[in-house]
Amino acid sequence: MSTSTTLNDIIPGSPAIQESTKVDDVTAMLDSIEGTVGTTRVENPKMEMREVDVFYADKQAIYDVDLDVARNEVIAMIGPSGCGKSTFLRCLNRMNDTIPICRVTGSITLDGVDINTREQDPVLLRARVGMVFQKPNPFAKSIFDNVAYGPRIHGLAANRAELDEIVISSLKRAGLYDEVKSRLDAPGTSLSGGQQQRLCIARTIAVNPEVILMDEPCSALDPIATARIEELIDELRENYAIAIVTHSMQQAARVSQRTAYFHLGKLVEVGKTNDIFTNPQHDLTENYITGRFG
Amino acid sequence: MSSTTEIVQASLARRYKAESRFRLYGIVAISISLSFLAFLLISITYKSIPAFYETQVQLTVNLDAEKLGVGASPDIKAIKTANYSGVIKGALREQFPDVKKRKAKKELYSLVSVGAQYQLRDFILEDPSVIGTEQTIWLIADDELNGLVTAVSDVTDIGDTPTRLSEQQRGWINTLQQQDQVKTGFNYTFFSAGDSREPELAGIKAALIGSAWVLLVTFLVSFPVAVAAAIYLEEFAPTNRWTDVIEVNINNLAAVPSIVFGLLGLAVFINFFALPRSAPLIGGIVLSLMTLPTIIISSRAALKAVPPSIREAAQGLGASKVQVVFHHVLPLAMPGILTGTIIGLAQALGETAPLLMIGMVAFIVDIPQSIVDPATALPVQVFLWSDSPERAFVAKTSAAIVVLLGFLVVMNAVAVFLRKRFERRW
Amino acid sequence: MADKLHLDQHISQKFNDELEDIRNRALLMGGLVEKQVSGGLQALLEGDSELGNQVVHTDHEVNSMEIEIDEMCNGILARRQPAASDLRLIVTVIKVITDLERIGDEAEKLGRFAVDLANSSELPAYRKELRHLGDLVESMLRDALHCFARMDYEAALKTAARDDDINAEYETLSRLLITHVMEDPRQVKNVFNITWCARALERIADHSVNICEYVVFLVKGKDIRHTNPKDISKSLFS
């Protein structure tokens, strides 16, 4: 609550608010965003992002974002389509490297070490920062091999027995083991959508990452499968830092401890999820989460 | 509300009519192409029938050592050079003792193929003790005889069936037939012999093996190169002007007339590298050049069709680029790549022009044993036979086409089988 | 409607209408309760038993309105999962109507006493002493409802601050009534009734304070209940 916008918002009746609350005048509001409303930093963060800009060729997708991901926390990133939240999430494990025209500036650190340096190998980084995608995308392999793939390529298991143990414990932690234990040789694609997504989560945690990124993990699932994934996210929070991008505000409200609202590539507001959903400080946040024009 | 119903109803009939009309166009189009195909297949198959039959004549030959012109205990060389032709002619004269005139005798001799003497030679080589005895054996009949007896049931009344056999010859045949001395069976020679000037002795085997060698070379050269090129272009290459140029040129390459590849093969491989002429090695390499763009284009399409989410998933787990491609993308693209490969190879199988340029049009009697032996290929064999004057070669040509089509069907079946196997896994 | 919460700017026009409807009904209920309070007061001051009865009967209407609005709020909570200002509006309405219903009960009490007093042998003159307190409370309730209608949290804070005056007036009135009892002990029953009425008025003022506090919560998202005024301004204007 240090920016001028916030002050305008707090003291009603001043001329500034009369103008800035005109919802159709979004661009003007956006230009007036000097920084982010709310506290972007946490104590002892798992990941820190400072002054992150992302460009696709000449087009800037992310403007000067500061944000921390805390340990054992779920941080939800919400915002309208094209606001850059997925792009931002993909910066965290350098998935944007795979897009040739994409350029990331600013500093992103994992446990205090910059991840964008030449010395930081993206393969190693992605073993530490796992990712779950929007569409359940199991490999065209058996359930067992799906989960075993990560440990295999990284050589995490010394022998077959260890591999079995990793696979089984990952499936258990993903809450899938009981449903698939009798058919670990069946193809991963034979599972239902919700099971496939849990398989993808099991696959991710089999590598034993420190941070898990989730890009709209439930958007292709029905409400019951969604509820199970959300329950799983909550359990995983004990061991991992989790950043989740979601289009469902209710989901953000349910699973996260902190929520970050992105708009047109800027981080508009960050705060405790409770506060964001009962009393957002920025009008854009308010408009978005209450379903108003803007 | 009701007006909407009326308007819609009024147009309904027109819309359904348009729909059924379109369906009709489709059916007509399919029928036309199917009938062309059926006409082609039926006419070729029909014409090829005589080629699959072989007629033999039973003769009692006197294998007298003197008549054969060999000693009492001849060595192999003597047997090989013995006068079999005279013995067969003698047997024929014995069969029809009334034939006295020179011209009639010549006509009589022509009932049996010139290949009969080799048949007799092989018979004796197998067991030289038959020398000095009288043997009743089946000998290959002449192609005209074969053509006639497979076409009509009664050789004395042939209607307007074209034949070069005279009435006298047909009478002899009739006599032989009545004595059960003519039999017609499946033509094994066609599948076990190489080319020959005599239609009844000509076989497809040399061309078939030649084609197989050529295809093997084509596959071994083009498949790895094309798949590697496709993977590089699709997964690794940066998008810039150079890759654009390469892409356009690959597409252009697919449109280059095949004879140009033949000229290239002639100039580069034979004249410059001095590789053996007429060999499947060169044929295969030249056809590879032609097949490459087809496989590259279809492989790229198959790779492109692999959902990006799979790549992302593997990358998200920390797989390196090469791991992503070889563990996930390539297995998923394999059925498509195989289909493209088979299409390319089928194209190569039917190609004649470039092979003519590199000398695979030579008259090859021997079965090629390796990729550097002189060989010919199925389509070239068709081309050669279609050019031959003997009537029986018409049937041979059709039969060769049938074999070529059969080869294609088998290849496609293998492709379908392989694809099913790959797909069935997931 | 030029309110501070942009209730009319939802993408869902129906949601706009529903929220507007709920708010209007709450205001309507407020108007009804306001009329009830002034009616009860008037009946008391003028010894009008008919008006008193009317006030008593109006309570049913208030009660049924409370239930109706409650149901609508529940429906919106279930179907729309409102967030932020919409959520605060719904929560505020639910709370405001509870307080309005209580105010209605207090007004009903005034009506009953008015009927009792009108039926008693003589009308005690000192019932007029209620007029000043009644006026203060009435205007406070009116202002609180205005603040709710206009979503004016500054005015709401000022209105809530007037509770101190009312409490002081109530003290004064109590002392005055004690003096009356001391002068004429036979009046003890009537004085007691008047004290009850004063008590009811004081309760109405307290409920009005609650409504003002809800308005601050609605507009600013800050819960200022049980907080001392200095901290309130600090948290609101920092």
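Predicted model: local features only at pLDDT ≥ 70, side-chain atom pairs only at ≥ 80, totals over all residues.

Strands here are DSSP runs of E with at least two residues, helices are runs of H or I with at least four residues, and both are numbered from the N terminus. Two strands pair if DSSP finds at least two bridges between them. On that basis chain B has an open sheet of three strands, ordered β2-β1-β3, with antiparallel pairing. β2 (134–140) and β3 (182–186) of chain B sit at the edges with a single partner strand each, so one side of each has no neighbour in the sheet. From one strand to the next, the twist averages 35°. Helix α7 (residues 143–151) of chain B packs on the sheet, touching β1 and β3 of chain B, and its direction makes about 120° with that of β1(B). For such angles, axes are lines fitted to C-alpha atoms (for helices over the stretch in contact), and values run from 0 to 180 degrees between N-to-C directions. Back in the strands, Thr60(B) stands opposite Thr136(B) in β2(B).

**Who touches whom**

Contact means that two residues have their C-beta atoms, placed from the backbone, within 7 Å. Two pairs of chains touch, and chains A and B make the most contacts. That contact takes 17 residues from chain B and 23 residues from chain A. On the chain B side, α14 (308–316) and α15 (321–349) each supply at least two residues, and α14(B) gives the most, with six residues. Chain C also meets chain A, with 15 residues of chain C in contact with 14 residues of chain A. Chain B and chain C share no contact, and their closest C-alpha atoms lie 26 Å apart.

**Helix packing in chain C**

Helix α4 (residues 130–150) of chain C packs with α7 (residues 188–220) and with α6 (residues 163–183).

| Helix pair | Axis distance | Angle |
|---|---|---|
| α4(C) and α7(C) | 9 Å apart | about 20° |
| α4(C) and α6(C) | within 10 Å | roughly 160° |

Angles under 35 degrees count as roughly parallel, over 145 as roughly antiparallel, 65 to 115 as roughly perpendicular and the rest as oblique. α4(C) and α7(C) are therefore roughly parallel, whereas α4(C) is roughly antiparallel to α6(C). The crossing of α4(C) and α7(C) is left-handed, and so is the passage of α4(C) over α6(C); left-handed says that the near helix is turned anticlockwise from the far one by less than a right angle, and right-handed clockwise.

In the contact with α6(C), α4(C) uses His132(C), Leu133(C), Leu136(C), Val137(C) and Met140(C), which meet residues including Asp165(C), Glu169(C) and Tyr170(C).

Notes:
Residues numbered from 1 in each chain as written. Chains lettered and ligands numbered in written order.
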